[in-house]
Every structure is written in C-alpha cells, then in structure tokens.
Amino acid sequence: MYAHGASPHIPQPPHTAGTPYKGLRAAIDPNQIPSPIDTIEVDREKWEDEPYMTLPGKQPPLSTTDFVAVDQGNSSPRYVRMTTWNMPSTSRLASDCEVPIAAIIQPFADQDPREEPVPLVGTGQIGPARCERCRGYINPWCTWLAGGARWKCNMCGHETEVTPEYYCNLDASFLRLDHLQRPELNKGTVDFVVPEEYWAPHPPPSIRPLYCSPTPPPLTSSRKPEPMDFVFAFDVSQEAVRTGFLQTGCDALLELLFGRGDTVPPCFPPSSRIAILAFDRTLQFHNLSPDRVGQPPILVVPDVDDVFLPSTEGLFVNPVDSRNAITDLLAALPKRFEQTYETEAALGSALSASLAALAGRGGSVVVFSATLPTIGCGALEPLVDESTVYGTDKERTLFEPRAETWKDIGEQCASEGVGVSMFLGMGRPIDVASIGLASSLSGGELYFYPRFNPTRDGLGLASQLRRLVSRTTVYSCSMRVRCSTGLRITKQYGNFYESAAADMEFGTIDADKTITVALDHARTLDDRQYAFIQSAILYTTITGERCVRVHNIALRVVTLAGNVFQFADMDATVSYLVREAVSRLPSQRIAQIHESLTERCSLILYAYRKFCAAAAAPTQLILPEAFRTLPVYILAMMKIKPLKGRNVTADVRNFYAHKIHAMSARSIMHHLYPRMLALHDLNDTIALPDVNGRVELPSLMRNSHLFMESHGVYLIDNEETMILWIGSSVSPQLLKDLLDVDDIVQVDSRILHLPHLTTRLSTQVRNILAHRYVQRGYTPKFLVARQNMDGIEIEFSDMLVEDQNNAAMSYLDYLCLVHKQIHTALTTGASIASSSGFRSMPW
C-alpha cells in the first residue's frame with residue numbers, strides 16, 4: 001500500500017542482553033530455517049472452509065486456526081488436545097519416541113459460533129448411566145450386549161446392567177433403536193443434568209478454621225445448587241486510594257453492574273446476587289437492602305485475626321433491586337477514604353470473611369488489593385532483596401509461599417466451591433507466590449498491574465473484569481480424568497486443589513481455564529483396539545443447575561515410531577512442556593530448567609532421526625513434519641518472564657507462572673511466539689468485508705528484526721500486551737492515515753487505542769484489532785514504541801523471540817546448538833540425557 005524500494009533490515013532495537021553462540025558455526029540464511037508462520041498459515045488455509053470431522057485417524061487443525069469441528073463421537077480438539085493422536089502400544093515405544101503422552105483439556109472452551117452447542121441430556125432421578133466398576137460414563141464408544149440389557153464399558157471392559165428406565169432394543173447393527181435420539185451415544189462432548197446424589201458435599205470441619213461461623217452445622221450432607229453469588233472486596237488503604245486503584249475498581253464495577261449510557265450494556269448475571277466488602281486494618285461489611293434510605297449502614301469488624309460475620313442481613317442483594325444503595329456506596333467509597341492514613345490492609349482476613357459469607361453455598365470472590373498484607377490472617381513480612389538469591393540454591397524459595405495460611409485459604413475455598421480472583425495494583429512487591437495461592441488452588445485468576453496508573457491501566461482493568469464475569473463460569477466443581485485399561489494418570493497440572501482421592505477440586509472454573517494430564521503405560525496396549533480417555537467435570541452452573549460435562553477421546557494404538565511422530569501435535573506438546581518447566585520453579589534453579597528444556601528438545605528430534613530417518617547423513621538436520629519448529633518454541637520458553645534469565649522480579653515470575661498453568665493451547669502458542677503484522681504492507685482488500693460480509697485477515701510475519709524495515713509500522717501481540725512499533729523512516733502519509741499526524745515526533749506514545757479515522761488503513765487495522773478482541777473477550781494493554789525514541793521499544797524488542805535477547809540465544813544459533821547435540825550423539829554414541837555428557841560440554 002505504501003510502496004518503498006528494497007531496503008536492508010533494521011539494526012536490532014534496544015533489548016535485554018542475549019547469549020552468543022560459543023564456537024564456530026556455518027553461515028546460514030535465516031530465510032532457510034523452519035518458520036512457525038509458514039506452518040500456521042498453511043494450516044489456516046487448509047481448514048478455513050473445511051470442517052474438521054472428529055473421528056480418529058485425522059490430524060486435527062492447529063489451536064491457532066479458527067476451525068469448525070463436527071463432533072462424531074470424539075470431542076473437538078478445542079476441548080481436548082493430545083500430544084500425539086496415535087497412542088504408542090508400549091511404554092518402551094513411548095520412551096523411544098521421547099514424545100510426552102499428555103492431554104490438554106479445556107472443559108468449557110468457547111465454541112466457534114458456527115458449531116452446534118454442547119447437547120444437554122436430562123437423566124431424571126436415575127442419573128446418567130455409569131460403569132459399575134470404573135464409574136466411567138456412557139459414551140459413543142460403549143457396546144451393547146444381551147439385546148440391549150447390558151453395555152460394555154470401553155474404559156475397563158466391565159459389563160453393566162441397563163436400568164429399566166434406560167432400556168431400549170437393538171437393531172441389526174447392535175445399535176439401540178433410539179441411538180440417533182441419544183446425544184450421549186453420538187457426541188464426544190455432552191452435559192448431563194444430574195440428580196441430588198451428585199450435589200456438592202459439605203466439606204468436613206477444618207483443623208485450622210479461618211473464621212467463626214455464625215450458622216449452625218448443616219443438617220444434610222450436601223448443599224442444594226443455587227445461583228452463583230459474588231463478593232467484591234476493595235482494599236481501602238492509603239496506597240489504593242493514592243494511586244486511584246480504588247476509584248478505578250469502583251467505577252469498573254458500576255459499569256459492569258449497570259452499564260454506561262447506551263454505549264456499554266450491563267453484563268452481570270441476572271440470577272446472581274452481590275455483596276461488597278471494604279478492608280484496611282478492619283473489615284467493613286455493608287447492608288445493601290433496597291428498603292434502606294441514604295448511605296448503606298456499615299458493620300465494622302476490628303479484629304482481623306479472629307474473623308466472623310457480624311450479620312447476614314442485606315449482605316447479599318440483587319443489583320437491580322438495590323441499584324441506588326450500590327451506586328451510592330461505590331461512589332462514596334473513594335471519597336470516604338480520601339484522607340485515610342491507614343497503610344496496612346488485611347487481605348487474608350478479607351478473603352476469610354468472604355469465604356464465611358459464601359460458606360455452605362459457594363460462589364466467586366473478586367478482590368482489589370494494592371498492599372502487602374502485613375496484618376491479619378496470613379500476615380507477611382516485607383520481602384528481602386531478591387537479587388542476592390538468583391543463581392543460588394535459595395532461588396527456589398522465591399516461588400514458594402512464605403505462610404501456610406494462604407494454602408489453607410485456597411484449599412478451603414476450593415472445598416467450599418468458592419473461587420478467588422484478584423486484581424493486584426501495587427506499587428511495591430506484594431508476594432504473589434504467597435497470596436496467589438488463594439487463586440491458584442481455588443481455580444480463580446490473577447490480574448497484575450504493577451505501579452498502577454489509572455490512565456494507562458483503567459481500560460484494561462474494566463475490560464478484564466467484564467470478561468471475568470461474562471464468560472462461561474461454573475462453580476463447586478470436581479473433575480476426574482479416566483483412561484482405558486493399560487494407561488494411567490501420572491501427573492496433573494493446572495490451577496486447582498488436588499484432593500486425597502486425586503480428584504481435581506475447583507471453587508470456580510471458566511472458559512479460559514485449561515488442565516494438563518500426563519499419561520503413562522501400565523501394560524501393553526492392543527493395537528487392534530482404540531485407547532480411550534474420558535474427562536468428567538461435575539459442576540453447578542451460574543444459574544444454579546447441577547450438571548456433569550463429559551469429554552471422550554478415542555485414539556488409535558500404533559506399534560511404529562513413525563506413526564507416533566506422524567500424528568504428533570506440536571501445540572499440545574509445547575503446552576505440556578512449558579507447564580512442566582514452570583512447575584519445576586520451586587524445586588530447580590532456572591539455569592537447570594533451561595538445560596532440561598534443551599535436552600528434551602534434542603531428545604525428541606534425535607529419537608525421530610534414530611528411528612525414522614536413520615539412513616540420512618549425520619551432518620544433515622532432519623526434522624519431523626509435526627515438530628519442524630519445536631526448537632523455536634523451546635527457545636521461546638526460555639525467554640518468557642517466569643523462566644528468562646537476568647533480573648525479573650519474583651512477583652512478575654509468579655504471576656506469569658500462574659497464568660501459564662491455566663492458559664489454553666492457543667494462548668500459549670501466541671504468548672510464546674507473538675503474532676506480528678507489517679501494517680504498511682496490507683493490500684487494499686485485506687481486513688475489509690467482502691460482498692458476503694466475510695473479512696479475510698492478513699498473514700503474519702516472523703518475529704525478528706532481520707525481517708523489519710525502518711520505513712515500516714509493525715504490530716506485535718503476545719496476548720497480554722500489544723505494541724505498535726513505528727520506524728524512524730516511516731511515510732508521513734502512513735502516519736496521517738493511521739494516527740492523524742504528519743511526523744513521527746508528533747506521535748503521542750501514551751495513546752491507549754488507535755484514533756477512529758475514515759481512512760482505509762485505519763479501518764483495516766481497527767478491524768484486525770476488533771477481531772482479536774472478540775476472540776479474547778478482553779482488551780489487552782496497547783502501547784506505542786517509536787524507533788530509538790521510546791523506552792517501551794525494549795519490551796517490543798524482547799518479544800522478537802528469534803533474535804538474541806532475554807539472556808538467551810537467537811533462533812539460528814539455538815538451532816545450530818540442537819543440531820550439534822544430535823550430530824554428536826549420532827557420531828559418538830554419547831547420550832543426550834547423560835548428566836556427565838552434554839551438560840558439561842562448552843556450548
């Protein structure tokens with residue numbers, strides 16, 4: 001669109017120092033090495049107009065592709081994604097291939113609007129049909145026997161009698177006559193409405209109770225499902241008031257509950273109720289009854305070490321009925337504490353009080369906190385200097401909680417069906433490793449705003465709060481993954497509490513949360529049969545209905561390494577490896593984790609070379625089609641904030657570790673290798689509606705300064721932050737069309753969004769951004785970096801993962817390192833996994 005002659009690439013922008021390659025290497029053209037973008041674009045073109053049929057035997061679309069799945073008895077890869085869609089028949093074959101066997105499960109993932117909704121199956125008082133031995137649920141892969149009087153479980157092979165209410169005759173194909181009318185016999189993903197025996201149980205009394213309960217012990221063993229209630233807790237200490245964090249939080253909640261004029265509609269669930277709590281050195285409850293006149297009465301609990309509920313009258317109200325009381329309170333809170341001198345805030349006590357309010361029914365707690373909790377439950381001492389412990393054995397202590405109380409809060413919240421989400425807007429370290437446990441164990445979420453600035457961060461906070469409340473969210477959840485005979489679950493990763501029975505307990509779980517399950521062989525599998533995995537999550541909907549969602553996957557069993565690699569899934573493998581690496585932070589030094597990642601990458605590629613391409617010359621780098629770009633993603637793992645070298649604060653590392661544990665496969669791929677666009681090269685028709693109203697999106701480009709030009713404008717997006725980079729030789733006309741200025745000096749680097757102009761370029765870019773906002777459901781932080789002018793350019797340059805930065809190598813150097821390891825193993829017979837081998841070598 002804005003033509004320029006050919007020009008050399010720009011010099012590498014300012015960045016954090018990287019690591020050079022040690023030794024000699026051949027000169028390699030960067031254009032010749034495998035590109036993640038080529039793989040992504042080819043897959044997108046393949047599945048753009050073709051639906052994916054989920055029967056076993058096909059390679060599914062990548063997680064980064066917008067595909068339409070047709071459920072044929074196997075769950076969509078949107079819900080369950082396997083590291084390989086061909087299961088090795090033996091543990092020996094699995095270990096030879098080095099491909100981890102794992103499932104990435106996102107139970108409530110948002111569907112494509114073109115897909116059929118998940119069917120809801122009513123089961124009456126008998127509940128869904130389940131295997132008598134393994135307790136697996138009826139699914140399309142079960143078989144029917146004795147004229148329909150028994151069914152054989154595909155997981156364990158046990159035959160279970162069919163109840164009279166569920167009985168139906170079989171046809172000549174041994175299928176039930178009502179087969180097509182039963183979604184649970186056709187679909188890989190179904191929701192069952194379940195009877196009273198599936199209600200959430202009351203947890204046993206805690207050894208270390210966090211609060212004094214005002215209510216007598218329950219008379220029943222289970223709690224009746226009810227619509228989900230919310231508690232919003234506001235830090236009203238001096239720091240929260242001074243930075244504008246309290247004002248921003250109150251304004252965002254008001255907009256969420258009641259909208260803003262005709263432009264922003266309210267999005268609070270109509271069946272839910274709300275309670276509002278304020279805390280500093282005391283806990284302040286508010287009576288929001290609609291029949292009250294004037295400011296809502298305040299009930300103050302001064303003892304933050306012995307938490308109790310002073311009253312339940314008017315504590316939970318319907319926002320519509322109590323609109324005046326809620327509006328008055330949220331408008332008055334920032335003014336009431338404008339002159340406060342309280343510098344401390346009892347966050348742990350506020351969470352305990354919120355738990356007391358929701359005990360016996362479950363719900364969601366949303367906390368706005370700006371101060372390190374130095375008083376009350378879980379009081380913490382100010383943090384020591386972190387820089388002295390990096391690289392030592394004490395480094396792992398930065399990723400461990402400093403008070404067991406926070407673990408108790410998370411576990412008790414999960415047991416009571418309460419999810420804790422926190423908006424952290426602090427100016428000083430707040431010890432995310434400790435307080436973040438309350439969210440990590442209860443299935444909640446953390447939102448992180450260091451050095452909070454209302455102008456810069458207010459829009460993102462309001463957007464993320466809206467996403468938090470409006471996305472699919474369920475509570476009082478219990479999840480279990482079952483696998484067929486011969487397989488077993490060895491490890492589970494995610495933000496949940498693992499009970500003594502190895503069930504995953506969640507206070508809440510939502511559409512954005514993912515769980516990773518590692519599998520191992522218990523015995524040899526029959527390659528004439530399928531291997532099966534079934535995930536079942538029992539939950540209460542936001543409207544108060546008790547259900548269980550079941551996902552089913554059937555996998556072919558193979559005996560050859562080539563078949564395992566042929567159907568390997570890069571996105572699932574990368575998701576598993578990054579979670580495994582992050583989970584080792586409390587037990588290993590970061591440098592050791594880096595070594596393990598490189599070793600794992602080399603082992604996978606070496607295994608393919610050894611078992612599938614042994615005839616090729618050792619000097620030739622042979623990569624499996626599924627893992628062509630594995631090295632760049634492994635390198636990117638070493639550059640993300642939890643795992644990168646150099647100085648990154650422990651709070652930042654722990655926040656991103658929390659996020660990565662629950663990220664979807666799609667988000668992880670985009671976070672590791674950010675999407676980058678050359679906006680100055682958009683053609684005249686891209687990102688504009690065609691005659692059918694469809695919008696074609698532009699192709700991405702590789703993340704390296706070697707592919708950038710000084711006259712260009714580039715947009716990079718890692719799911720958390722979007723940065724618009726403007727070259728120093730940019731065309732004045734381009735600036736005029738995009739930002740309504742003529743000179744790069746006139747560009748306001750503090751803008752929060754692009755101006756709304758009528759030019760073609762402005763319309764194209766805003767359409768691209770709008771598409772991404774719809775996909776994500778929230779607005780990420782938007783920043784502008786001008787070449788050699790703005791400090792934020794360092795952040796931009798650090799996202800260019802193919803460059804040498806973030807205390808790590810460039811992609812080209814790293815590929816040479818991996819190749820050298822494989823070549824040495826092939827020619828000398830040295831073991832890549834040997835601790836006395838490669839780790840001691842100079843590279």
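Trainee: Does Asp408 count as buried or exposed?

Mentor: This is a predicted model, in which local features need pLDDT of at least 70, side-chain atom pairs count only at pLDDT 80 or more, and totals for chains, interfaces and linings use all residues. Residues are numbered from 1 along each chain as its sequence is written, and side-chain values use heavy atoms, without hydrogens and water. Buried means under 20% relative accessible area, exposed over 50%, and partly exposed in between (1.4 Å probe, protein chains only). Because its relative accessibility is 10%, Asp408 counts as buried.

Trainee: With which residue does Asp408 form a salt bridge?

Mentor: A salt bridge requires a side-chain nitrogen of Lys or Arg within 4 Å of a carboxyl oxygen of Asp or Glu. The partner lies in the loop between strand 10 (189–193) and strand 11 (229–235), and Asp408 in helix 7, so the pair ties together parts 200 residues apart in sequence. With the closest N and O atoms 3.2 Å apart, the partner of Asp408 is Arg208.

Trainee: How is helix 6 oriented relative to helix 7?

Mentor: Helices here are DSSP runs (H or I, at least four residues) and strands likewise (E, at least two), numbered from the N terminus. Helix 6 (residues 347–358) and helix 7 (residues 404–415) pack at about 20°, their axes 11 Å apart. Angles under 35 degrees count as roughly parallel, so helix 6 is to helix 7 roughly parallel.

Trainee: Which residue forms a salt bridge with Asp49?

Mentor: Asp49 is exposed, at 61% relative accessible area. The closest N and O atoms are 3.2 Å apart, and the partner is Arg694.

Note on methods
Axes fitted to C-alpha atoms, helices over the stretch in contact; angles between N-to-C directions. Parallel < 35°, antiparallel > 145°, perpendicular 65-115°, else oblique.
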